[in-house]
Amino acid sequence: MTESKQRPEAVTNGHKGALIPPSTSCSDDEPNAWSAPGSAAFDFRSDTVTTPTAAMLAATRNCTLQDDVFREDPTTNSLEAYVADMTGKEAGLFVISGTMGNQLSVRTALGGPPHSVLADARSHVYGWEAGGIASLSGALALPITPSNTHHLTLSDILTHAVTSTDTHYCPTRLISLENTLNGTILPLHDCAAISHWARAQTPPIHMHLDGARLWEAVAAGAGSLSAYCACFDSVTMCFSKGLGAPIGSIIVGGTPFIERARHVRKGLGGGLRQAGVVTASARVAVDETFLGDRLAATHRRARMVAEMWEGKGGRLVRPTETNMVWLDLEKEGWSGEMFVERGVREGVRLLGGRIVVHYQVCEEAVGRLGRVMDAVLDKGAEREGVGNGVGNGVGEEARGVMAPEME
Ligand SMILES: *Cc1c(COP(=O)(O)O)cnc(C)c1O
């Protein structure tokens, strides 16, 4: 939890020679909002609540300040090259959000209609991006519910993909997979099988990965970044969730794809000027949170939270494979709203039955969460006072009660 210790050698982004103006108003020792996680330490609503650290502030103070539309900013160029290299891809493109990364990838990959995009019915790109597949790419989205209820497999794809030249149908030009999805892992062998089939089609079907939380799957030992990315022609990854950067995501892919994505990004108003101000923090997020192995500890804590719930007699809606724990509140007759309210009383922020553990959550917050669980699972007195919440749309529907920014 000690984010206040600065490690300047780790945050210079290799640009030690950059001009660093002397600090006038902000001493390194003076506490500010960057010095400690603050309210994020007690916030289980999402990993988007992670706050940037003192190391990120130090990196930002040392970043280069050139224009990225001119491709002249070393901090930004080096982040893009660095993550491309980590993922085994030729090139990378920093984007302001994961949604922009996904939508830009879809728009870049597709030609003109008629065309369709296959995606998991629960996926972010389909259900949580304001209909961008329709409005930005003019594509028909075909949402698929995985037959195994956990993740899409080749057999689901074969059942739903449109490869026919019959003019009644809308040909599948892109398959978008998501990993992790609701905190669960898409196995590498399923990605590989789908990819192998998609690339054998004429024309080949573009493989996109919404890897907003791919870092989590890799930290859980499901496969390496480059092994997963090898199955895809484009991959979006978020710096701003579990890795803790304040802003930003990246698309990685082949050079021609990324060149075109850069062109499309400009058209959507996503060209950034002094981008080093945000890419410097993203680099620290990769180095300190991902490579610094902080996600594995987060997963251990999530498992502890899941065991605590089950140990008290609660049921989980889905398995805890990374940093999310899905409590079956409905079974206990609790609505998401009741749960949130009880959390406020104990001093933790909650959002329905989905508990998201991130690296800034503190020990004390887990203790408080345990007291909220006690209230839910105590079949006696507690339920009297909290009204009739049976069937108020929790559990499977928990995403439906989340605020839009809580993804
Ligand atoms: C958060 C998220 C995104 C989008 O990220 P934003 O930066 O919030 O636009 C995309 N896909 C998944 C799976 C996400 O969880």
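The following questions and answers concern a predicted model.

Me: How are residues numbered, and at what pLDDT do local features count in this predicted model?
Reply: Residues are numbered from 1 along each chain as its sequence is written. In this predicted model, side-chain atom pairs count only at pLDDT 80 or more, totals for chains, interfaces and linings use all residues, and local features need pLDDT of at least 70.

Me: What is the average pLDDT of the protein?
Reply: The pLDDT is the predictor's confidence in each residue, from 0 to 100. It stays under 50 over residues 1–26, for which the model has 38 contacts beyond four places in sequence, two residues being in contact if their C-beta atoms, placed from the backbone, lie within 7 Å. Over residues 380–405 the pLDDT is likewise below 50, and that stretch has 36 contacts beyond near neighbours in sequence. Of the residues in the protein, 86% score at least 70, and the average pLDDT is 89.

Me: What percentage of the residues in the protein is buried?
Reply: A residue is buried if 20 or more other C-beta atoms lie within 10 Å of its own, exposed if 12 or fewer, and partly exposed in between, with C-beta atoms placed from the backbone. The protein has 15 helices and 10 strands, where helices (H or I, at least four residues) and strands (E, at least two) are DSSP runs numbered from the N terminus. Among the 407 residues of the protein, the buried share is 48%.

Me: Which helix is included in what covers the buried residues of helix 1?
Reply: Helix 1, residues 54–61, is mostly covered, with 7 of its 8 residues buried. Those buried residues are Ala54, Ala55, Met56, Leu57, Ala58, Ala59 and Thr60. What covers them includes residues 276–290, that is, helix 11.

Me: Which helix gives the largest share of the shell around the ligand?
Reply: The ligand is surrounded by 12 residues, the closest being Ser97, Gly98, Thr99, His124 and Ala212, where a residue is near a molecule or strand if its C-beta atom, placed from the backbone, lies within 6 Å of it. By class, this shell has 2 nonpolar, 7 polar and 3 charged residues; Ala, Val, Leu, Ile, Met, Phe, Trp, Tyr, Cys and Pro count as nonpolar, Asp, Glu, Lys and Arg as charged, and the others, Gly among them, as polar. The largest share of the shell, 3 residues, comes from residues 98–109, which form helix 3.

Me: Which residue does UniProt list for "modified residue: N6-(pyridoxal phosphate)lysine"?
Reply: The residue is found in the loop between strand 6 (234–238) and strand 7 (249–253), and it counts as buried because it has 24 C-beta neighbours inside 10 Å. Not counting residues up to four places away in sequence, it touches Asp47, Thr48, Ala212 and Arg213. UniProt positions are given in the numbering used here, feature names are shortened, and annotations may be inferred rather than shown by experiment. The unreviewed UniProt entry lists Lys241.

Me: Which residue of strand 5 is the bridge partner of serine 176?
Reply: Strand 5, residues 206–210, is largely enclosed by the rest of the structure, because 5 of its 5 residues are buried, with His206, His208 and Asp210 on one side and Met207 and Leu209 on the other. It runs parallel to strand 4 (residues 172–178), to which 5 bridges join it, and two strands pair if DSSP finds at least two bridges between them. In strand 5, the bridge partner of serine 176 is histidine 208.

Me: How far apart in space are the C-alpha atoms of valine 252 and threonine 87?
Reply: Valine 252 has its place in strand 7 and counts as buried, because it has 29 C-beta neighbours inside 10 Å. Leaving out residues up to four places away in sequence, valine 252 touches Val83, Ala84, Thr87, Lys89, Gly92, Cys229 and Val235. Valine 252 and threonine 87 are 165 residues apart in sequence, and C-alpha to C-alpha their separation in space is 7.7 Å.

Me: What is the omega of the peptide bond from asparagine 179 to threonine 180?
Reply: Most residues other than glycine have a negative phi, and most peptide bonds are trans. Threonine 180 lies in the loop between strand 4 and helix 7 (188–199). The peptide bond from asparagine 179 to threonine 180 is cis, with omega near -5°.
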